[in-house]
Amino acid sequence: MACAIMVMVYIWEQSKYDSFHPASDRLYRVYIDSKLGGLESKVAVSSPMFANGLKPYVSEIEQSCRIFKNDRDIPVAVPVATLLDRRTLLYVDSTFFDMFGFKLLAGDPMRCLSKPRSIVLSRSLANQLFPEGAIGKILTVENDKKWTVTGIVEDCPTNSHLNYKSLVSLSSVVLPDPGWTSLYLYTYFRFKEGTDMKKSADSDLPGLSVIEAKLLKVFLKEAGDDLEKSIGLTNTEMREKDEFFVLRLQRVSDIHLFSHLKYENSQNVNIQTLLIIAGISILIILIACINYANLTIARFAGRVREIGIRKILGSQRRELANHLLAESFTISFISLFFALVIVELVYPNTILTQQSPTQDIHMHLLKLSPLIFCVTLFTGFIAGIYPAFYIFRFTPATILSHQKQFSTGGKSLRGLLVIIQFAFSLVIIYSTSTIYRQLRFVQQIGVGYERERLVVIQNVIGLNGNTDQFRKKLMELKDIERIAFSNAVPGKALVMQSIQNGNDRTNNLMVYIMHTDSLFFSTYGMKFAEGSYSKSNYCSKDTADVVINEEAVKYLGLKTPIGSAICQKNADGPTNYLIIKGVIRNFNFESLHTRIQPLIIFPGGLEQVKFATIRFNRPVRADDVKGVRKYLGTVYPNIPFVQYSMNESLGEFYKEEQSTGEVAVAFSFFAIFIACMGLYSLLALTTVSRTKEIGIRKVLGAGTKELVLLLSKEIFKLIAIAGFIALPIAFLLSYYWLDRFAYHVLLSLSNYLFVFLAVFFVAVFTIYRQLWHTINSDPSDSLRFE
Amino acid sequence: MIELIDIGKVFRNKDIETRALSNINLSVSDGEFISIMGPSGCGKTTLLNLIGLIDTPSSGKYLLNGLQVSDISERNRTELRKDNFAFIFQSFNLIDDLTVRENIELPLVYQKMAQAERTIQVNSVLDRFTLKHRANYFPNELSGGQQQLVAVARAVVAKPRVILADEPTGNLDSTHGEDIIQQLIQLNETGMTIIMVTHSMMQAQRSQRIIHLFDGHVVTESYSKVATNL
């Protein structure tokens, strides 16, 4: 019951994210849904032009707000030397406090973020930086910029997809490339009351609402030319090819549960995961009810005669049945009390709350109290109804004359209940093992480069191009083999661009692109499938040598890729010709959730360096990352580098699966524990009702082995049946879960057999003691047993 | 064959100690038919259980065919019991989930006899006791007399050396009770040793020797007139 309540609270919390904002039913985020060059993509980011560019033309928009996250930490010099973490530093429009329900504790909500270089601090950060009071105080950032504290906001509540410690006015930063097709910040709209957000538009684009259609119309009118320049097609041409680039809206309160777009602002949960967790908790309650029913009947087997006599003396069957139900309800409510105590003590420290700490468990429990009450009633009813029904069937005469049948009657139903329990346990445990096999797979699978030896340094842009000096400095560290520079690394900062096959320029295709230096391939340990690359400059200003991956060869339909040309049309008109010099073997530059996409790498002419990648001559340890951080801190104290191992970075893709796995392990233990309790109770019933038979058999010469086999045969048969029933269910669930990955482990029958054997031995362990005790009792005691 | 020397049995239950048997000295020869008599609670069943190795004495010595068996392990007791003793109980003690045939076959299963041979033995016993037409019935489908007959059949199928019968006619009417006694006499005539606990002097006198128990002691031993006459 504690388990079920914790799950209820968790699901309640997860479902209430961002519901505290004013008019949360009218608060939406814009995202881009596109299909270009055959590639489908949904991204949470949008253009900085949307907010102010669309609002004047869409009357339904009441208010807008943009949120931008920089990709580097901001060093603070005054009042104390510290860093403003890029993950919790938001650059926001002045309408932020109008749009969102975060409580401003000090400052004017309408004006505190209207001027450039204004900053609003969270309460805890304000106390840390300015214990004597923060309003009006100055922060010196990046050596020379002065930001004024214009407000103090409550600490960011955990039930929001936004996470901040400081809010800076968006006008403080020069936005990179503020075009209509530059997608890099988040745009929110609040629509006017009465706006029908669900009404479908009459459009050939599926699922497009009237409002979305309106936004799209305005966007195409304002930005149609920019779009055409970016992707080389007009909107009409796109539609003719069944391709599209549309603006979609998602309710802010739905983001946490339902949004899994690229470039999300936060780690969202998966609604499927929540449903699975809810399903498992319901199963655990049912299993507990089954056990209770079995134990109750087991208790009866030893009291059959007493019950028969009670009935003869005047007790009604109904009274006994009611007594049983009342007992069951009482136990259920007593259990509720203990369950609430357990939840109070344990829930804040469970893995469910690790990523999203609970806010106010008491408030949640109060709000959920009607549901908790119903669950308790339901539990009491389900647990008590079977024993009550059982006892109701018999008259006193049948009890006394057929005492033994009464004791053993209903065997098949109880056996069925044990089968169900063990089948549930097998399904849960196999699913858990699948999750962990997949997690191990993603950690161990070759990604096409040597990730174990790499440390990535981000924000190298701060070097302002002095990369040679940087490289020379870094090579002073121990165990470093080489260093490469790039504007993107696997998993981060890759962008898509439109290109055309040099032999067929009628088609615009979308590919990922990266700009790197010539050492990139050797640093990452990538292998060439064809051709090679040696450092060369651009032959002329409109040609470049490139390397593409094997997927790009397929995508472009190239039969002899080496020497082929690809055309890259620039936004301002001229076309670059890209000559393919090499084909690199496919490598995963996104998570294993998605298939490898076509990629073009420009290994020369690196204009904007964002990342440096260090290759060690051995696998990287945690100390290596610390060592690099410390070293950079001393050599370049003013540049807020961010450094991490490549393994660590790739692991972030699977955080949700990791949490799911941990939750599943906990549930597995619960499930098998409860199933074993059920088994124990069934064995208790069996031995009670067969005590005399055991004595007779012993008198007739049955040895320990024969008796063990006799008593356990039935139980193990039930477990074997459970194994067969659970197999297709476990496989289906696992298949369904693995389907989210483009690359995944195969479902394994041998793994299932292993899980089954493990459960089997746990069952053996559970019952052997009770069996042993029964079998080794004196036959004379057993024969005297009534 | 069976020799009890100073056998005692004490039952302990929390703070209560009950001395069921004290200083029992008894010898039983091969082929004897003896009865044990006494009032309720005098220790008759306890004595029978000790002889049949179902229970262990608290004191004294038990020699079975010259072998000291008072304090052997449960496993060894089971083996000896299988080879030497068979039981007939007052309440029949058949297994309800098994048919008549399966109940009779059970001792042979525990002796690890092969299936084919078991079938032969069981069929022979079913014939002997005229139970063949009831072979596939369950115990609760038979009368008391028939159930006890099945119990006797089960007892003899493994050809034990000793049959221990604890008030075998206690739950039967006189006609059926007489049938059972007749069966025991016939078995004794084939050389089987019979030790019977009974309340009925009439039945006791059908045996050769009568042991009287009182308060856990052997009070007297007598030889029955009927047996003597025979």
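View 1. In chain B, 67% of the contacts with a separation of 6 or more are between residues 24 or more positions apart; two residues are in contact if their C-beta atoms, placed from the backbone, lie within 7 Å. This is a predicted model, in which local features need pLDDT of at least 70 and side-chain atom pairs count only at pLDDT 80 or more, while totals for chains, interfaces and linings use all residues. Residues are numbered from 1 along each chain as its sequence is written, and chains are lettered from A and ligands numbered from 1 in the order in which they are written. Chain B holds eight helices and 10 strands; helices (H or I, at least four residues) and strands (E, at least two) are DSSP runs, numbered from the N terminus. Of its 230 residues, 44% count as buried, meaning that 20 or more other C-beta atoms lie within 10 Å of a residue's own, whereas 12 or fewer make it exposed and counts in between make it partly exposed, with C-beta atoms placed from the backbone.

**View 2. Chain A as a whole.** Here you will find 25 helices and 24 strands. Buried residues account for 42% of the 786 residues in chain A. Among the chain A contacts with a separation of 6 or more, 81% link residues 24 or more positions apart.

**View 3. Where chain A touches chain B.** Chain A brings 14 residues to this contact and chain B brings 16 residues. On the chain A side, helix 22 (691-699) and helix 25 (779-784) are the elements that give two or more residues. Helix 22 of chain A supplies the largest share of that side, four residues. By class, the chain A side has five nonpolar, four polar and five charged residues. Ala, Val, Leu, Ile, Met, Phe, Trp, Tyr, Cys and Pro count as nonpolar, Asp, Glu, Lys and Arg as charged, and the others, Gly among them, as polar.

**View 4. An open sheet in chain B.** Four strands line up in the order 2-1-4-5, with antiparallel pairing; strands pair if DSSP finds at least two bridges between them. Strand 2 (16-28) and strand 5 (67-68) of chain B are at the edges with a single partner strand each, so one side of each has no neighbour in the sheet. Strand 1 (residues 2-13) and strand 4 (residues 59-64) of chain B run antiparallel and are joined by five bridges. Look for B:Leu4, which stands opposite B:Tyr62 in strand 4 of chain B.

**View 5. Helix 5 beside helix 6 in chain B.** The axes of helix 5 and helix 6 (residues 174-189) of chain B come within 9 Å and cross at roughly 15°. These two helices of chain B are therefore roughly parallel, the word used for angles under 35 degrees. On the helix 5 side, the contact is made by B:Gly144, B:Gly145, B:Gln148, B:Val152 and B:Val156, and on the helix 6 side by B:His176, B:Asp179, B:Ile180, B:Gln183 and B:Leu187. Together they comprise four nonpolar, five polar and one charged residues.

**View 6. Two loop residues of chain B with positive phi.** B:Thr130 is not a glycine, yet its phi is positive, near 50°. B:Thr130 sits in the loop between helix 4 (115-128) and helix 5 (144-157) of chain B. It counts as exposed because it has 11 C-beta neighbours inside 10 Å. B:Asp215, also not a glycine, has a positive phi of about 50° and lies in the loop between strand 9 (209-214) and strand 10 (217-223) of chain B. With 14 C-beta neighbours inside 10 Å, B:Asp215 is partly exposed.

Conventions:
Axes are lines fitted to C-alpha atoms, for helices over the stretch in contact, and angles run from 0 to 180 degrees between N-to-C directions. Angles under 35 degrees count as roughly parallel, over 145 as roughly antiparallel, 65 to 115 as roughly perpendicular and the rest as oblique.
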